[in-house]
Amino acid sequence: MRMGLHPPSLIPHPSSFIPHTPPMKIPRYPGYIFDLDGTIYLGDQLLPTAADVLAQLRAEGRRVAFLSNNPTRTREQYVAKLRGLGLQAELGEVVNSSYVMVQWLRTHAPGAPLFVCGEAPLIGELTAAGFPMSERPGEIAFVVASFDRTFTYHKLQVAFDAIRAGAQLVATNPDRFCPVPGGGEPDAAAIIAAIEACTNTRCLVNVGKPAPIMAQTVGAMLQLPPEECLMVGDRLMTDIAMGAAAGMATLLVLTGDSTRAEVADAPYQPTYVAERLAALVE
Ligand SMILES: [Mg+2]
């Protein structure tokens, strides 16, 4: 492993609460679940040490999965993106919120007419799964709110009319923003809030992390029980909350959204906190 000039500091919990705890080396786990945005990459830039860490874990025979709340690409497109960044990735290692949204709708309302406030890849996945798209308020069964950089007042109007006519609101993910180089992009929370505000309704379900369905889906993919998995992510309210609630160990990396200062007040404490992914193999 390449050693950096500034080794990351690791804390199992805010160290002031456990003053006798020595600096902690992260033990190896049979399975690793990696968030993507802010954890593996920012925009189209691989984060430092990500490639080395993944290669090392794979060389040791550890199972790896990628678990993203971002619904703006299909799983196939995520495989292509990860490979384009020089990483090994297989379709059977990738779970994202659009994939889980399809599974949820297939279970609860197969073939139901939908109106989607989302981008083309999500609409394509839902259409391919047998869900017709509609803009007729009286026939729409579900309005799907998502990360939508093509959101318009027209879409808000259709969602408003559909929900007032009896449609249910569901959502792909609860993220407020998606970290990108130099800042962020408003994410699904903004779209959900707009629809909830004008209709005075609440989402029936939000399938993205921290929802248990995400942990169950990726756990089944890895074929490992939660206690044998380490969830690695940059966001306390999604990655760490999901992993902790599912009984997984968690690593918060400080390369995306959440900061070390926010850890103390988080309802779910990460098992480990590190400046970067290299802490996994040091
Ligand atoms: Mg993230």
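Mentor: Let us begin with a definition: two strands pair if DSSP finds at least two bridges between them. Strands (E, at least two residues) and helices (H or I, at least four residues) are DSSP runs, numbered from the N terminus. The model is predicted: local features need pLDDT of at least 70 and side-chain atom pairs count only at pLDDT 80 or more, while totals for chains, interfaces and linings use all residues. Residues are numbered from 1 along each chain as its sequence is written.

Trainee: In what order do the six strands of the open sheet run?
Mentor: The order is β5-β4-β1-β12-β13-β14, with parallel pairing.

Trainee: Which strands stand at the edges?
Mentor: β5 (94–96) and β14 (272–274) do; each has a single partner strand, so one side of each is left without a neighbour in the sheet.

Trainee: How many bridges join β4 to β5?
Mentor: Three, with β4 spanning residues 63–68. F66 is opposite V94 of β5.

Trainee: What does helix α7 lie across?
Mentor: Helix α7 lies across β1 (31–34), β4, β5 and β12 (229–233), at about 155 degrees to β4. Axes are lines fitted to C-alpha atoms, for helices over the stretch in contact, and angles run from 0 to 180 degrees between N-to-C directions. Contact means C-beta atoms, placed from the backbone, within 7 Å.

Trainee: Changing topic, how is the chain divided into domains?
Mentor: Domain 1 covers 31–69 + 209–280 and domain 2 covers 99–206; the bounds come from an automatic or database domain assignment. The contact takes 14 residues from domain 1 and 11 residues from domain 2. Helix α7 (residues 212–222) gives the most to the domain 1 side, with three residues.

Terms used: Two residues are in contact if their C-beta atoms, placed from the backbone, lie within 7 Å.
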